[in-house]
Structures are given as structure tokens and as C-alpha cells.
Amino acid sequence: MNATPVTEAGDVCWLRSDIALAAAARRQAAQLARGICLPEERVARVELCVTEMATNLLKYADDGSLALRVVRAGGHPAVECLSLDSGPGIDDVHGALRDGTSASGSLGIGMGAIGRLADASGVHSLPGRGTVVFARFWADDRIPPPGPVRTAGLTRPISGEQVCGDTWAVRPLGAPGSDALLLMMCDGLGHGPLAARVADRAREAFRDSGHTSPEAVLQDVHRGLRGTRGAAVAIALADAAGQRVRLSGAGNIAALVASEGTRSGLLSLPGIVGLQLPRPRTFEAAFPPGAALVMHSDGLSDRWKPADFRGLFAQDPALAAAQILNQAAVRRDDAGIVVALHRRP
């Protein structure tokens with residue numbers, strides 16, 4: 001069994017915007033914060049953060065939701081809060097973050113307060129299309145230093161379901177903070193508990209694989225999914241030192257590298273992992289500093305263009321994943337995305 005720490009998808013609590021959003025968000029956020037042993041003073045900060053997010057959604061957004069979850073990096077847990085809306089967007093993000101600025105006549109402290117309360121935060125807005133606000137609260141002061149490649153993912157179940165058949169996972173090749181990472185994006189066939197069970201099996205097989213090449217890991221996942229309904233799966237190796245991405249996949253997983261206004265697609269072959277895996281092939285693309293590797297299921301439209309998301313890939317990868325899902329996901333399917341950002345020196 002592989003002993004290297006793996007970052008992977010976990011439970012996400014999605015709360016749709018309605019009159020009871022703030023109260024529901026406070027309850028859920030407090031439960032998550034206490035679950036990772038945040039002190040009560042920090043729990044109160046998390047509660048205030050999600051209250052501000054909920055209030056902003058109800059005041060300013062046409063429609064939106066909150067995503068609350070626990071994330072881990074290098075064994076260190078944190079509560080992560082994401083606010084996603086479908087518009088109208090913010091014309092002046094920097095102005096909105098200044099205390100005393102308000103579009104509704106209030107004190108205007110909400111957006112600025114989120115940045116002060118959280119250990120990490122960010123905002124990305126597309127005027128006329130939607131805004132994502134992000135905040136993260138670590139359980140202790142030993143925040144792991146970022147490696148050359150930062151990663152994050154996000155999943156959302158199809159409307160009407162509580163569990164998601166899409167999943168993702170990331171494993172460093174070597175010690176945490178390694179220059180090379182393996183990433184998996186998986187879309188279990190169908191929806192609901194049976195698809196979620198396939199996703200769990202895929203994460204387990206990815207976690208336990210002792211191989212380092214995308215083709216070999218894909219074959220390990222294929223063996224792990226035998227006897228299930230199968231999945232679309234893509235495995236990528238993001239190598240910061242070599243500035244290359246290699247990908248091997250089967251099924252309808254979209255993958256691309258966005259860099260300086262360019263978009264390089266990485267193909268997956270037809271097939272169903274666990275049922276009918278073709279002879280694996282590997283496709284490559286350049287991965288220079290400043291580039292972003294994005295992998296997602298067909299629960300997101302593949303028609304989005306990196307050029308339409310100005311400034312997004314300079315943000316935290318959790319914010320990047322959330323904004324792409326916010327803009328490209330469809331309600332009639334599970335949605336899943338994982339993003340790897342190659343930091344500039």
C-alpha cells in the first residue's frame with residue numbers, strides 16, 4: 001500500500017441561497033470547525049465569515065450557493081468556505097474589498113471582513129456572469145508551505161441527489177511539496193449512491209497504486225473498478241521541474257493546459273475504466289510557470305475558454321476550480337473538477 005499522503009475529494013455541504021441561508025451556514029460551518037478542533041474564538045470567526053457570505057448572496061446575487069467543507073494539506077486540516085453566484089458580478093473588486101464601500105447603503109464591511117477573518121481568502125468576479133468568494137481557516141499555525149504546483153478540486157452532485165459520482169485525487173511523487181504530482185479525475189457512470197461507490201473505489205485504487213506513470217496508474221484503477229458499473233477516468237502527471245504534463249485516460253474527461261492565453265488539449269481515449277479499457281496512450285503538453293492544468297467531468301461544458309477568465313489562474317486553485325464549475329457546470333449532471341497551478345518563481 002502507498003504511504004504517500006494523498007489529497008482527495010471529500011464531503012461538500014452545498015447550501016442554496018434562500019431566506020434561511022445564513023442560519024444554516026452558521027450551523028454547518030460551526031460543526032465543521034469544531035470537528036477539526038478549532039478553538040471557540042476561531043469557530044466564531046468562521047461563523048461570521050459564512051454569515052457575511054450568505055448576506056452578500058441574498059443582498060446582491062441573482063442566485064447562488066455556499067459550499068462548505070474540510071480540506072487537508074500535508075495532514076493539516078482546514079475549513080474552507082466558498083460562495084458562488086450567477087451574477088450580476090462586481091465591476092470593481094478592489095473597491096468592494098475596501099471597508100466603508102457598499103452598493104446597498106450598508107456599512108460595507110462584509111467583503112473586507114472576510115479577508116481579515118480568514119487565513120487565506122480571495123475573490124474573482126466576471127461582470128454580468130458571476131462571482132466566487134473563497135475563505136480558508138487552518139486548524140493550527142503550522143500551515144504547510146506551498147509547493148511549486150498547487151492543487152484543488154470541487155464536486156457537486158446532480159440536483160436532487162446528496163452524493164456525487166464525480167471525484168478527484170492528488171498524490172505527490174515523493175515528499176509533500178514535490179515538484180511532480182499525479183492527479184486523477186473520475187466520473188462514475190450514472191448518478192447517486194451507485195456512482196458514488198464507484199468514485200470511492202477509484203480513489204482507493206489511485207491511493208494504493210505504487211506506480212508513477214499515468215498509464216500504469218490508470219491500469220491499477222481499471223483493476224480496482226472491475227465488478228462495478230465503471231467510470232471515465234483520466235490520470236495526469238504534472239512535472240514542474242520538467243515543465244511537462246502527461247495524461248492517460250479513458251472516457252469523457254476533459255483536460256487542458258492553459259498558459260498565456262493559449263489552450264492545449266489533452267485527449268482521453270474512448271472506453272470505460274473497469275469494463276473496457278483500451279490500450280493506454282499518453283498525451284503531453286508544456287506546463288511552464290504560470291500555467292494551469294484543468295481536468296473535469298462532462299458535468300461541465302467544455303466550451304469555456306481560459307481567455308474568458310482573466311486573472312483567475314493567479315488565484316488560489318480552490319477559487320479557480322470553483323469559478324470554472326460556477327460558470328460551466330450543468331444542473332442535470334454530477335460535476336467535478338481538479339486544477340493544478342504551476343506557481344511562478
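Colleague: How many residues in the lining of the largest pocket are nonpolar, how many polar and how many charged?

Modeller: The lining divides into 24 nonpolar, ten polar and eight charged residues (nonpolar means Ala, Val, Leu, Ile, Met, Phe, Trp, Tyr, Cys and Pro; charged means Asp, Glu, Lys and Arg; the others, Gly among them, are polar). This is a predicted model, in which local features need pLDDT of at least 70 and side-chain atom pairs pLDDT 80 or more, while totals for chains, interfaces and linings use all residues. Residues are numbered from 1 along each chain as its sequence is written, and side-chain values use heavy atoms, without hydrogens or water.

Colleague: How is such a pocket found, and what is its volume?

Modeller: Rolling a probe the size of a water molecule over the atoms shows where empty space is left. Here the largest pocket has a volume of about 1100 Å³ (an open set of points on a 1 Å grid where a 1.4 Å probe fits, with protein on both sides within 12 Å along at least five of seven lines; lining residues have an atom within 4 Å of a point; the volume is the space filled by probe spheres set on the points, which are joined across faces, edges and corners). Of its 42 lining residues, Thr7, Arg72, Ala73, Gly74 and Thr151 are the closest to the centre.

Colleague: Which element gives the most to that lining?

Modeller: Strand 7 does, with six residues (strands are DSSP runs of E, at least two residues, and helices of H or I, at least four, numbered from the N terminus). Elements giving two or more residues include strand 3 (64-73), strand 8 (166-172) and helix 7 (317-328).
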